[in-house]
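Hi everyone, thanks for coming.

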Protein chains: 2
Amino acid sequence: MSPEPAFETVCLVGIGHICSSLALALRRQGLARRLVTFEIDPEARRVAVEMGLVDLASADPAEVIPGADLVVVGVPVGAMKSVGQTIAPHLTPGAIVTDTGSVKQAVVRDLGPSIPAGVHFIPGHPIAGTEFSGPASATEGLFVGRWQILTPLPGTDPAALDRLAALWTAIGSNVEVMEPRHHDRVLAITSHLPHLIAYTIVGTASDLEGHLQHEVIKFSASGFRDFTRIAASDPVMWRDIFLNNREAVLEVIQRFTEDLTALQRAIRWGEGEILQQKFTETRAIRRAIIDARQA
Amino acid sequence: MSPEPAFETVCLVGIGHICSSLALALRRQGLARRLVTFEIDPEARRVAVEMGLVDLASADPAEVIPGADLVVVGVPVGAMKSVGQTIAPHLTPGAIVTDTGSVKQAVVRDLGPSIPAGVHFIPGHPIAGTEFSGPASATEGLFVGRWQILTPLPGTDPAALDRLAALWTAIGSNVEVMEPRHHDRVLAITSHLPHLIAYTIVGTASDLEGHLQHEVIKFSASGFRDFTRIAASDPVMWRDIFLNNREAVLEVIQRFTEDLTALQRAIRWGEGEILQQKFTETRAIRRAIIDARQA
(Lines give C-alpha, C1' and ligand atoms only; values in the text may rest on other atoms or scores of the structure.)
Protein backbone atom coordinates (compact mmCIF):
# COMPACT_ATOMS: atom_id res chain seq x y z
CA MET A 1 0.00 0.00 0.00
CA SER A 2 1.65 3.21 -1.12
CA PRO A 3 -0.64 6.19 -0.52
CA GLU A 4 -0.15 9.49 -2.31
CA PRO A 5 2.44 11.67 -0.56
CA ALA A 6 0.78 14.31 1.61
CA PHE A 7 2.91 17.03 0.01
CA GLU A 8 4.61 17.43 -3.33
CA THR A 9 7.67 19.35 -2.15
CA VAL A 10 8.56 20.08 1.46
CA CYS A 11 11.16 22.80 1.99
CA LEU A 12 12.95 22.77 5.35
CA VAL A 13 14.29 26.22 6.15
CA GLY A 14 17.35 25.49 8.27
CA ILE A 15 18.31 21.84 8.59
CA GLY A 16 19.10 21.54 12.31
CA HIS A 17 18.16 18.85 14.81
CA ILE A 18 14.39 19.20 14.48
CA CYS A 19 14.13 19.63 10.70
CA SER A 20 16.62 16.84 10.00
CA SER A 21 14.65 14.50 12.27
CA LEU A 22 11.49 15.63 10.49
CA ALA A 23 13.11 14.82 7.15
CA LEU A 24 13.83 11.28 8.36
CA ALA A 25 10.22 10.87 9.49
CA LEU A 26 8.77 12.23 6.24
CA ARG A 27 11.01 9.93 4.20
CA ARG A 28 10.10 6.96 6.33
CA GLN A 29 6.36 7.57 5.90
CA GLY A 30 6.61 8.65 2.25
CA LEU A 31 4.85 11.91 3.05
CA ALA A 32 6.81 14.16 0.69
CA ARG A 33 7.56 13.43 -2.95
CA ARG A 34 10.54 15.76 -2.73
CA LEU A 35 12.50 17.17 0.20
CA VAL A 36 14.64 20.28 -0.12
CA THR A 37 16.34 22.66 2.29
CA PHE A 38 17.19 26.34 2.34
CA GLU A 39 20.26 26.44 4.55
CA ILE A 40 23.01 29.06 4.67
CA ASP A 41 25.61 26.89 6.44
CA PRO A 42 27.64 25.00 3.79
CA GLU A 43 28.65 22.25 6.21
CA ALA A 44 25.03 21.59 7.22
CA ARG A 45 24.05 21.48 3.51
CA ARG A 46 26.81 18.98 2.80
CA VAL A 47 25.81 16.71 5.73
CA ALA A 48 22.10 16.89 4.85
CA VAL A 49 22.71 15.83 1.27
CA GLU A 50 25.29 13.20 2.21
CA MET A 51 22.90 11.64 4.73
CA GLY A 52 20.16 11.64 2.10
CA LEU A 53 17.92 13.80 4.26
CA VAL A 54 17.09 16.06 1.31
CA ASP A 55 17.18 15.87 -2.47
CA LEU A 56 18.54 19.38 -2.80
CA ALA A 57 20.19 21.82 -0.40
CA SER A 58 20.70 25.42 -1.37
CA ALA A 59 21.68 28.78 0.09
CA ASP A 60 19.57 30.47 -2.59
CA PRO A 61 15.88 30.68 -1.64
CA ALA A 62 14.94 31.05 -5.33
CA GLU A 63 16.19 27.50 -5.89
CA VAL A 64 14.23 25.73 -3.19
CA ILE A 65 11.26 27.81 -1.99
CA PRO A 66 9.25 28.15 -5.25
CA GLY A 67 7.04 25.13 -5.82
CA ALA A 68 7.17 23.95 -2.21
CA ASP A 69 3.65 23.29 -0.96
CA LEU A 70 4.93 23.01 2.62
CA VAL A 71 7.65 25.22 4.10
CA VAL A 72 8.87 24.42 7.62
CA VAL A 73 10.93 27.20 9.20
CA GLY A 74 13.28 25.64 11.75
CA VAL A 75 15.58 28.48 12.73
CA PRO A 76 16.20 30.14 16.13
CA VAL A 77 13.32 32.41 17.10
CA GLY A 78 15.52 35.50 16.81
CA ALA A 79 16.15 34.74 13.12
CA MET A 80 12.47 34.35 12.17
CA LYS A 81 12.00 37.94 11.01
CA SER A 82 14.90 38.12 8.59
CA VAL A 83 14.38 34.58 7.34
CA GLY A 84 10.71 35.40 6.72
CA GLN A 85 11.66 38.44 4.66
CA THR A 86 14.13 36.34 2.68
CA ILE A 87 11.75 33.55 1.76
CA ALA A 88 8.52 35.55 1.38
CA PRO A 89 9.01 36.68 -2.26
CA HIS A 90 9.51 33.06 -3.35
CA LEU A 91 6.51 31.46 -1.67
CA THR A 92 3.96 29.76 -3.91
CA PRO A 93 0.25 30.69 -3.51
CA GLY A 94 -1.61 27.95 -1.63
CA ALA A 95 1.51 26.78 0.20
CA ILE A 96 1.48 26.19 3.94
CA VAL A 97 4.21 27.87 6.02
CA THR A 98 4.77 26.54 9.50
CA ASP A 99 7.65 26.71 11.97
CA THR A 100 9.17 24.79 14.86
CA GLY A 101 9.94 27.70 17.21
CA SER A 102 9.70 27.22 20.97
CA VAL A 103 7.97 30.58 21.39
CA LYS A 104 4.80 31.36 19.46
CA GLN A 105 3.73 34.97 20.08
CA ALA A 106 7.12 36.22 18.87
CA VAL A 107 6.91 34.06 15.74
CA VAL A 108 3.46 35.40 14.95
CA ARG A 109 4.87 38.91 15.44
CA ASP A 110 8.11 38.40 13.47
CA LEU A 111 7.34 35.86 10.77
CA GLY A 112 3.62 36.52 10.26
CA PRO A 113 3.80 39.93 8.55
CA SER A 114 6.09 38.60 5.78
CA ILE A 115 3.75 35.83 4.70
CA PRO A 116 1.83 36.99 1.59
CA ALA A 117 -1.92 36.66 1.18
CA GLY A 118 -2.82 33.31 -0.35
CA VAL A 119 -0.18 31.47 1.66
CA HIS A 120 -1.37 29.67 4.81
CA PHE A 121 0.65 30.59 7.90
CA ILE A 122 0.21 28.08 10.75
CA PRO A 123 2.78 28.37 13.57
CA GLY A 124 3.73 25.14 15.28
CA HIS A 125 5.97 23.69 17.99
CA PRO A 126 6.96 20.04 18.31
CA ILE A 127 7.47 19.15 21.99
CA ALA A 128 10.43 16.96 21.19
CA GLY A 129 14.15 17.29 20.86
CA THR A 130 17.39 16.40 22.54
CA GLU A 131 20.45 18.38 23.61
CA PHE A 132 22.04 17.78 20.21
CA SER A 133 22.24 20.19 17.28
CA GLY A 134 22.73 20.10 13.53
CA PRO A 135 21.67 17.69 10.78
CA ALA A 136 24.08 14.94 11.91
CA SER A 137 21.92 14.63 15.04
CA ALA A 138 18.82 13.65 13.01
CA THR A 139 16.93 11.22 15.24
CA GLU A 140 14.66 8.45 14.00
CA GLY A 141 11.26 8.46 15.72
CA LEU A 142 11.89 11.77 17.52
CA PHE A 143 8.22 12.81 17.25
CA VAL A 144 6.56 9.48 17.98
CA GLY A 145 4.22 9.76 20.96
CA ARG A 146 5.16 13.41 21.48
CA TRP A 147 2.94 16.48 21.21
CA GLN A 148 2.81 18.80 18.24
CA ILE A 149 1.27 22.11 19.23
CA LEU A 150 -0.28 24.22 16.47
CA THR A 151 -1.24 27.84 17.15
CA PRO A 152 -3.30 28.94 14.12
CA LEU A 153 -4.37 32.58 13.90
CA PRO A 154 -8.02 33.62 13.64
CA GLY A 155 -9.27 33.09 10.10
CA THR A 156 -6.92 30.21 9.29
CA ASP A 157 -8.23 27.96 6.50
CA PRO A 158 -9.56 24.84 8.26
CA ALA A 159 -8.51 22.61 5.33
CA ALA A 160 -4.91 23.79 5.53
CA LEU A 161 -4.91 23.27 9.30
CA ASP A 162 -6.29 19.75 8.85
CA ARG A 163 -3.68 18.95 6.24
CA LEU A 164 -0.80 20.08 8.46
CA ALA A 165 -2.24 18.32 11.50
CA ALA A 166 -2.62 15.11 9.47
CA LEU A 167 1.07 15.25 8.54
CA TRP A 168 2.15 15.39 12.18
CA THR A 169 -0.30 12.66 13.10
CA ALA A 170 1.11 10.50 10.32
CA ILE A 171 4.60 10.69 11.81
CA GLY A 172 3.30 9.65 15.22
CA SER A 173 2.70 12.95 17.03
CA ASN A 174 -0.37 13.91 19.01
CA VAL A 175 -1.64 17.25 17.76
CA GLU A 176 -2.94 19.94 20.11
CA VAL A 177 -4.30 23.32 19.01
CA MET A 178 -4.00 26.33 21.32
CA GLU A 179 -3.63 30.12 21.42
CA PRO A 180 -0.05 31.45 20.97
CA ARG A 181 -0.23 33.34 24.26
CA HIS A 182 -1.35 30.27 26.17
CA HIS A 183 1.40 28.20 24.54
CA ASP A 184 4.03 30.66 25.69
CA ARG A 185 2.78 30.61 29.26
CA VAL A 186 2.66 26.80 29.47
CA LEU A 187 6.07 26.37 27.86
CA ALA A 188 7.60 29.00 30.14
CA ILE A 189 6.88 26.58 32.98
CA THR A 190 7.47 23.20 31.34
CA SER A 191 10.48 24.10 29.25
CA HIS A 192 11.93 27.59 29.55
CA LEU A 193 12.23 27.72 33.34
CA PRO A 194 13.71 24.17 33.58
CA HIS A 195 16.31 25.06 30.96
CA LEU A 196 17.18 28.34 32.68
CA ILE A 197 17.55 26.56 36.04
CA ALA A 198 19.72 23.87 34.47
CA TYR A 199 21.92 26.46 32.78
CA THR A 200 22.20 28.30 36.10
CA ILE A 201 23.15 25.33 38.26
CA VAL A 202 25.67 24.05 35.74
CA GLY A 203 27.05 27.59 35.49
CA THR A 204 27.31 27.83 39.28
CA ALA A 205 29.38 24.63 39.24
CA SER A 206 31.55 25.80 36.37
CA ASP A 207 32.48 28.91 38.36
CA LEU A 208 33.93 26.80 41.19
CA GLU A 209 37.62 26.61 41.97
CA GLY A 210 39.44 24.10 39.77
CA HIS A 211 39.84 21.17 42.17
CA LEU A 212 36.23 21.38 43.32
CA GLN A 213 34.97 21.54 39.72
CA HIS A 214 36.90 18.36 38.97
CA GLU A 215 35.08 16.61 41.80
CA VAL A 216 31.71 17.94 40.71
CA ILE A 217 32.24 16.17 37.39
CA LYS A 218 33.54 13.04 39.09
CA PHE A 219 30.56 12.73 41.44
CA SER A 220 27.94 14.09 39.05
CA ALA A 221 25.87 10.88 39.15
CA SER A 222 24.40 12.05 42.45
CA GLY A 223 21.93 14.42 40.78
CA PHE A 224 23.95 17.07 38.99
CA ARG A 225 24.36 15.18 35.71
CA ASP A 226 20.56 15.18 35.17
CA PHE A 227 20.84 18.94 34.73
CA THR A 228 23.87 18.95 32.51
CA ARG A 229 22.06 17.19 29.67
CA ILE A 230 19.56 19.98 29.13
CA ALA A 231 22.21 22.62 29.88
CA ALA A 232 24.06 21.32 26.81
CA SER A 233 21.27 22.53 24.50
CA ASP A 234 21.95 24.98 21.69
CA PRO A 235 23.04 28.37 23.14
CA VAL A 236 21.67 30.58 20.33
CA MET A 237 18.32 28.83 20.25
CA TRP A 238 17.95 29.27 23.99
CA ARG A 239 19.19 32.86 24.04
CA ASP A 240 16.43 33.67 21.56
CA ILE A 241 13.78 31.81 23.53
CA PHE A 242 14.48 33.80 26.70
CA LEU A 243 14.67 37.11 24.88
CA ASN A 244 11.43 36.39 23.05
CA ASN A 245 9.32 35.00 25.88
CA ARG A 246 10.57 37.48 28.42
CA GLU A 247 7.32 38.37 30.14
CA ALA A 248 6.19 34.79 30.80
CA VAL A 249 9.68 33.63 31.77
CA LEU A 250 10.23 36.48 34.24
CA GLU A 251 6.88 35.68 35.82
CA VAL A 252 7.75 32.02 36.44
CA ILE A 253 11.27 32.87 37.67
CA GLN A 254 9.57 35.04 40.26
CA ARG A 255 7.33 32.18 41.41
CA PHE A 256 10.28 29.79 41.47
CA THR A 257 12.44 32.18 43.50
CA GLU A 258 9.70 32.65 46.08
CA ASP A 259 9.35 28.89 46.45
CA LEU A 260 13.11 28.37 46.70
CA THR A 261 13.36 31.09 49.34
CA ALA A 262 10.65 29.36 51.38
CA LEU A 263 12.59 26.07 51.31
CA GLN A 264 15.85 27.87 52.07
CA ARG A 265 14.21 29.43 55.11
CA ALA A 266 12.88 26.02 56.24
CA ILE A 267 16.41 24.59 55.99
CA ARG A 268 17.91 27.51 57.92
CA TRP A 269 15.38 27.22 60.75
CA GLY A 270 15.36 23.43 60.81
CA GLU A 271 11.69 23.15 59.86
CA GLY A 272 11.67 19.49 58.88
CA GLU A 273 7.89 19.17 58.58
CA ILE A 274 7.68 21.84 55.88
CA LEU A 275 10.45 20.11 53.90
CA GLN A 276 8.96 16.65 54.21
CA GLN A 277 5.49 17.85 53.22
CA LYS A 278 6.79 19.67 50.14
CA PHE A 279 8.93 16.71 49.06
CA THR A 280 5.92 14.39 49.42
CA GLU A 281 3.66 16.57 47.24
CA THR A 282 6.12 16.53 44.35
CA ARG A 283 5.98 12.73 44.09
CA ALA A 284 2.39 12.98 42.87
CA ILE A 285 3.47 15.02 39.85
CA ARG A 286 6.00 12.37 38.86
CA ARG A 287 3.31 9.70 39.07
CA ALA A 288 0.99 11.80 36.90
CA ILE A 289 3.71 12.15 34.25
CA ILE A 290 4.32 8.41 34.24
CA ASP A 291 0.56 7.84 33.96
CA ALA A 292 0.41 10.29 31.03
CA ARG A 293 3.16 8.23 29.38
CA GLN A 294 5.44 11.26 29.01
CA ALA A 295 8.15 9.86 31.35
CA MET B 1 36.97 -20.59 41.29
CA SER B 2 35.08 -19.84 44.48
CA PRO B 3 37.08 -17.51 46.74
CA GLU B 4 36.41 -17.25 50.45
CA PRO B 5 33.61 -14.78 51.20
CA ALA B 6 35.00 -11.41 52.26
CA PHE B 7 32.76 -11.41 55.33
CA GLU B 8 31.18 -14.08 57.45
CA THR B 9 27.94 -12.27 58.30
CA VAL B 10 26.87 -8.92 56.87
CA CYS B 11 24.05 -7.17 58.73
CA LEU B 12 22.16 -4.51 56.81
CA VAL B 13 20.54 -2.06 59.19
CA GLY B 14 17.45 -0.89 57.30
CA ILE B 15 16.73 -2.72 54.06
CA GLY B 16 15.84 0.17 51.72
CA HIS B 17 16.87 0.85 48.12
CA ILE B 18 20.62 1.02 48.76
CA CYS B 19 20.99 -1.86 51.19
CA SER B 20 18.73 -4.16 49.16
CA SER B 21 20.77 -3.40 46.03
CA LEU B 22 23.92 -4.03 48.08
CA ALA B 23 22.49 -7.39 49.18
CA LEU B 24 21.97 -8.37 45.52
CA ALA B 25 25.55 -7.38 44.70
CA LEU B 26 27.03 -9.24 47.69
CA ARG B 27 25.04 -12.38 46.81
CA ARG B 28 26.08 -12.16 43.17
CA GLN B 29 29.77 -11.92 44.08
CA GLY B 30 29.61 -14.37 46.98
CA LEU B 31 31.08 -11.78 49.32
CA ALA B 32 29.05 -12.66 52.44
CA ARG B 33 28.49 -16.14 53.81
CA ARG B 34 25.35 -14.92 55.53
CA LEU B 35 23.20 -11.83 55.00
CA VAL B 36 20.84 -10.56 57.68
CA THR B 37 18.91 -7.38 58.29
CA PHE B 38 17.80 -5.39 61.28
CA GLU B 39 14.64 -3.69 60.03
CA ILE B 40 11.72 -2.35 62.04
CA ASP B 41 9.20 -2.25 59.17
CA PRO B 42 7.41 -5.64 58.98
CA GLU B 43 6.49 -5.21 55.31
CA ALA B 44 10.12 -4.47 54.35
CA ARG B 45 11.24 -7.55 56.34
CA ARG B 46 8.68 -9.71 54.54
CA VAL B 47 9.74 -8.44 51.07
CA ALA B 48 13.46 -8.81 51.84
CA VAL B 49 13.06 -12.43 52.91
CA GLU B 50 10.64 -13.27 50.10
CA MET B 51 13.05 -11.84 47.50
CA GLY B 52 15.87 -13.86 49.04
CA LEU B 53 17.87 -10.69 49.74
CA VAL B 54 18.65 -11.84 53.28
CA ASP B 55 18.72 -15.10 55.21
CA LEU B 56 17.12 -13.56 58.27
CA ALA B 57 15.23 -10.34 58.92
CA SER B 58 14.49 -9.23 62.45
CA ALA B 59 13.23 -6.24 64.40
CA ASP B 60 15.31 -7.38 67.35
CA PRO B 61 18.94 -6.22 67.16
CA ALA B 62 20.00 -9.02 69.53
CA GLU B 63 19.01 -11.54 66.83
CA VAL B 64 21.01 -10.11 63.93
CA ILE B 65 23.77 -7.76 65.12
CA PRO B 66 25.89 -10.13 67.27
CA GLY B 67 28.33 -12.11 65.16
CA ALA B 68 28.12 -9.75 62.19
CA ASP B 69 31.64 -8.83 61.07
CA LEU B 70 30.23 -6.09 58.80
CA VAL B 71 27.31 -3.84 59.74
CA VAL B 72 26.01 -1.43 57.08
CA VAL B 73 23.72 1.26 58.46
CA GLY B 74 21.37 2.37 55.67
CA VAL B 75 18.82 4.58 57.41
CA PRO B 76 17.96 8.29 56.90
CA VAL B 77 20.64 10.55 58.35
CA GLY B 78 18.22 11.83 61.00
CA ALA B 79 17.82 8.31 62.39
CA MET B 80 21.55 7.55 62.73
CA LYS B 81 21.83 8.60 66.38
CA SER B 82 19.00 6.47 67.76
CA VAL B 83 19.83 3.51 65.51
CA GLY B 84 23.45 3.72 66.68
CA GLN B 85 22.36 3.60 70.31
CA THR B 86 20.13 0.61 69.56
CA ILE B 87 22.73 -1.52 67.81
CA ALA B 88 25.83 -0.52 69.84
CA PRO B 89 25.41 -2.96 72.76
CA HIS B 90 25.18 -5.88 70.31
CA LEU B 91 28.24 -5.15 68.18
CA THR B 92 31.00 -7.77 68.06
CA PRO B 93 34.60 -6.66 68.76
CA GLY B 94 36.58 -6.46 65.52
CA ALA B 95 33.46 -5.80 63.41
CA ILE B 96 33.38 -3.00 60.85
CA VAL B 97 30.48 -0.54 61.03
CA THR B 98 29.86 1.59 57.95
CA ASP B 99 26.88 3.55 56.66
CA THR B 100 25.38 4.80 53.39
CA GLY B 101 24.33 8.28 54.49
CA SER B 102 24.45 11.19 52.03
CA VAL B 103 25.94 13.51 54.67
CA LYS B 104 29.11 12.54 56.50
CA GLN B 105 29.90 15.12 59.21
CA ALA B 106 26.48 14.55 60.78
CA VAL B 107 26.96 10.77 60.71
CA VAL B 108 30.35 11.10 62.39
CA ARG B 109 28.68 13.33 65.00
CA ASP B 110 25.56 11.18 65.54
CA LEU B 111 26.63 7.58 64.95
CA GLY B 112 30.29 7.78 65.91
CA PRO B 113 29.95 8.22 69.70
CA SER B 114 27.86 5.02 70.04
CA ILE B 115 30.43 2.75 68.41
CA PRO B 116 32.39 0.94 71.17
CA ALA B 117 36.17 0.68 71.27
CA GLY B 118 37.37 -2.36 69.33
CA VAL B 119 34.77 -1.89 66.58
CA HIS B 120 35.96 -0.17 63.38
CA PHE B 121 33.75 2.77 62.37
CA ILE B 122 34.26 3.81 58.73
CA PRO B 123 31.57 6.13 57.33
CA GLY B 124 30.77 5.73 53.64
CA HIS B 125 28.55 7.03 50.86
CA PRO B 126 27.80 5.21 47.61
CA ILE B 127 27.22 7.76 44.82
CA ALA B 128 24.45 5.68 43.34
CA GLY B 129 20.72 5.33 43.65
CA THR B 130 17.49 5.98 41.85
CA GLU B 131 14.27 7.76 42.79
CA PHE B 132 12.83 4.48 44.11
CA SER B 133 12.59 3.35 47.73
CA GLY B 134 12.28 0.14 49.72
CA PRO B 135 13.61 -3.41 49.26
CA ALA B 136 11.34 -4.15 46.26
CA SER B 137 13.40 -1.54 44.35
CA ALA B 138 16.63 -3.55 44.75
CA THR B 139 18.61 -2.88 41.58
CA GLU B 140 21.12 -5.28 40.05
CA GLY B 141 24.43 -3.60 39.24
CA LEU B 142 23.50 -0.34 40.97
CA PHE B 143 27.09 0.28 42.12
CA VAL B 144 28.95 -0.83 39.01
CA GLY B 145 31.16 1.98 37.69
CA ARG B 146 29.93 4.35 40.42
CA TRP B 147 31.94 5.96 43.21
CA GLN B 148 32.02 4.77 46.78
CA ILE B 149 33.29 7.53 49.06
CA LEU B 150 34.79 6.49 52.38
CA THR B 151 35.48 9.11 55.06
CA PRO B 152 37.57 7.33 57.74
CA LEU B 153 38.40 9.22 60.93
CA PRO B 154 41.97 9.84 62.07
CA GLY B 155 43.36 6.68 63.63
CA THR B 156 41.26 4.26 61.60
CA ASP B 157 42.84 0.80 61.31
CA PRO B 158 44.31 0.64 57.77
CA ALA B 159 43.55 -3.09 57.49
CA ALA B 160 39.84 -2.53 58.23
CA LEU B 161 39.76 0.33 55.71
CA ASP B 162 41.39 -1.87 53.07
CA ARG B 163 38.96 -4.69 53.75
CA LEU B 164 35.93 -2.42 53.37
CA ALA B 165 37.37 -0.74 50.26
CA ALA B 166 38.04 -4.17 48.73
CA LEU B 167 34.39 -5.12 49.23
CA TRP B 168 33.16 -2.08 47.30
CA THR B 169 35.77 -2.63 44.62
CA ALA B 170 34.62 -6.25 44.28
CA ILE B 171 31.06 -5.16 43.49
CA GLY B 172 32.30 -2.79 40.80
CA SER B 173 32.59 0.57 42.56
CA ASN B 174 35.53 2.96 42.40
CA VAL B 175 36.60 3.84 45.93
CA GLU B 176 37.60 7.37 46.92
CA VAL B 177 38.76 8.41 50.38
CA MET B 178 38.16 11.96 51.61
CA GLU B 179 37.52 14.09 54.69
CA PRO B 180 33.88 14.20 55.92
CA ARG B 181 33.80 18.00 55.68
CA HIS B 182 35.05 17.99 52.11
CA HIS B 183 32.53 15.30 51.18
CA ASP B 184 29.68 17.42 52.50
CA ARG B 185 30.80 20.45 50.52
CA VAL B 186 31.17 18.54 47.24
CA LEU B 187 27.86 16.71 47.66
CA ALA B 188 26.07 19.96 48.52
CA ILE B 189 26.84 21.04 44.97
CA THR B 190 26.55 17.78 43.04
CA SER B 191 23.57 16.31 44.83
CA HIS B 192 21.86 18.38 47.51
CA LEU B 193 21.41 21.60 45.50
CA PRO B 194 20.17 19.72 42.38
CA HIS B 195 17.62 17.86 44.47
CA LEU B 196 16.47 21.04 46.20
CA ILE B 197 16.08 22.82 42.86
CA ALA B 198 14.18 19.87 41.40
CA TYR B 199 11.86 19.74 44.40
CA THR B 200 11.33 23.50 44.09
CA ILE B 201 10.50 23.60 40.38
CA VAL B 202 8.17 20.62 40.62
CA GLY B 203 6.56 22.26 43.64
CA THR B 204 6.15 25.53 41.75
CA ALA B 205 4.32 23.59 39.03
CA SER B 206 2.17 21.69 41.51
CA ASP B 207 0.94 24.99 42.96
CA LEU B 208 -0.44 26.09 39.59
CA GLU B 209 -4.13 26.40 38.86
CA GLY B 210 -5.68 23.05 37.92
CA HIS B 211 -5.97 23.41 34.14
CA LEU B 212 -2.43 24.74 33.82
CA GLN B 213 -1.06 21.92 35.98
CA HIS B 214 -2.74 19.40 33.68
CA GLU B 215 -0.91 20.94 30.73
CA VAL B 216 2.41 20.98 32.56
CA ILE B 217 2.13 17.20 32.90
CA LYS B 218 0.99 16.82 29.30
CA PHE B 219 3.89 18.83 27.87
CA SER B 220 6.50 17.76 30.41
CA ALA B 221 8.79 16.23 27.77
CA SER B 222 10.04 19.71 26.97
CA GLY B 223 12.39 19.79 29.96
CA PHE B 224 10.25 19.62 33.08
CA ARG B 225 10.12 15.82 33.30
CA ASP B 226 13.93 15.63 33.76
CA PHE B 227 13.39 17.32 37.12
CA THR B 228 10.45 15.24 38.23
CA ARG B 229 12.49 12.04 38.41
CA ILE B 230 14.80 13.30 41.11
CA ALA B 231 11.95 15.19 42.81
CA ALA B 232 10.31 11.79 43.35
CA SER B 233 13.10 10.73 45.73
CA ASP B 234 12.37 9.68 49.30
CA PRO B 235 10.99 12.69 51.30
CA VAL B 236 12.29 11.65 54.74
CA MET B 237 15.77 10.85 53.45
CA TRP B 238 15.96 14.24 51.77
CA ARG B 239 14.47 16.17 54.69
CA ASP B 240 17.27 14.72 56.82
CA ILE B 241 19.97 15.54 54.28
CA PHE B 242 19.01 19.22 54.16
CA LEU B 243 18.66 19.51 57.92
CA ASN B 244 22.04 17.82 58.45
CA ASN B 245 24.10 19.58 55.81
CA ARG B 246 22.58 22.97 56.43
CA GLU B 247 25.69 25.11 56.34
CA ALA B 248 27.06 23.79 53.03
CA VAL B 249 23.61 23.71 51.40
CA LEU B 250 22.77 27.30 52.39
CA GLU B 251 26.11 28.42 50.98
CA VAL B 252 25.47 26.84 47.55
CA ILE B 253 21.85 28.08 47.46
CA GLN B 254 23.29 31.56 47.90
CA ARG B 255 25.68 31.11 44.96
CA PHE B 256 22.91 29.64 42.83
CA THR B 257 20.51 32.48 43.62
CA GLU B 258 23.11 35.10 42.69
CA ASP B 259 23.70 33.36 39.36
CA LEU B 260 19.99 33.01 38.64
CA THR B 261 19.45 36.68 39.45
CA ALA B 262 22.19 37.63 36.99
CA LEU B 263 20.50 35.63 34.20
CA GLN B 264 17.09 37.03 35.17
CA ARG B 265 18.50 40.54 34.84
CA ALA B 266 20.03 39.69 31.44
CA ILE B 267 16.62 38.45 30.26
CA ARG B 268 14.85 41.55 31.57
CA TRP B 269 17.29 43.92 29.87
CA GLY B 270 17.56 41.88 26.67
CA GLU B 271 21.28 41.22 27.10
CA GLY B 272 21.60 38.40 24.59
CA GLU B 273 25.38 38.22 24.62
CA ILE B 274 25.51 37.45 28.35
CA LEU B 275 22.97 34.67 27.91
CA GLN B 276 24.67 33.13 24.91
CA GLN B 277 28.08 33.20 26.58
CA LYS B 278 26.78 31.56 29.76
CA PHE B 279 24.89 28.89 27.79
CA THR B 280 28.03 28.11 25.78
CA GLU B 281 30.21 27.65 28.88
CA THR B 282 27.86 25.05 30.35
CA ARG B 283 28.29 22.75 27.33
CA ALA B 284 31.90 22.12 28.35
CA ILE B 285 30.78 20.67 31.68
CA ARG B 286 28.49 18.20 29.92
CA ARG B 287 31.34 17.09 27.69
CA ALA B 288 33.59 16.61 30.73
CA ILE B 289 30.96 14.40 32.38
CA ILE B 290 30.62 12.30 29.24
CA ASP B 291 34.41 12.03 29.07
CA ALA B 292 34.51 10.94 32.73
CA ARG B 293 31.97 8.22 31.84
CA GLN B 294 29.51 9.40 34.49
CA ALA B 295 26.81 10.39 31.94
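In chain A, the axes of helix α7 (residues 180-206) and helix α11 (residues 246-268) come within 9 Å and cross at roughly 65°. Axes here are lines fitted to C-alpha atoms, for helices over the stretch in contact, with angles running from 0 to 180 degrees between N-to-C directions. Helices are DSSP runs (H or I, at least four residues) and strands likewise (E, at least two), numbered from the N terminus. The crossing of α7(A) and α11(A) is right-handed, meaning that the near helix is turned clockwise from the far one by less than a right angle. On the α7(A) side the contact includes A:A188, A:I189 and A:L193, and on the α11(A) side it includes A:V249, A:V252 and A:F256; contact means heavy atoms within 4.5 Å. By class, the residues of this contact are 10 nonpolar, one polar and three charged. Ala, Val, Leu, Ile, Met, Phe, Trp, Tyr, Cys and Pro count as nonpolar, Asp, Glu, Lys and Arg as charged, and the others, Gly among them, as polar.

A quick word on the ground rules. This is a predicted model, where local features need pLDDT of at least 70 and side-chain atom pairs count only at pLDDT 80 or more, while totals for chains, interfaces and linings use all residues. Residues are numbered from 1 along each chain as its sequence is written, chains are lettered from A and ligands numbered from 1 in the order in which they are written, and side-chain values use heavy atoms, leaving out hydrogens and water.

Now, how much area do chain B and chain A bury between them? About 8800 Å², 69% of it on carbon and sulfur atoms; that is the accessible area (1.4 Å probe) lost on putting the two parts together, summed over both. In chain B, the residues losing the most area to chain A are B:F219, B:I267 and B:F279, together 8% of what that side buries. The contact takes 95 residues from each of chain B and chain A.

Six salt bridges are counted between the two chains, a salt bridge being a side-chain nitrogen of Lys or Arg within 4 Å of a carboxyl oxygen of Asp or Glu. Have a look at A:K278 and B:D207, whose side chains meet in a salt bridge at 3.4 Å, N to O.

One more pair to finish: A:R163 forms a salt bridge with A:D69. A:R163 lies in helix α6 of chain A and A:D69 in the loop between α3 and β4, so the pair ties together parts that are 94 residues apart in sequence.
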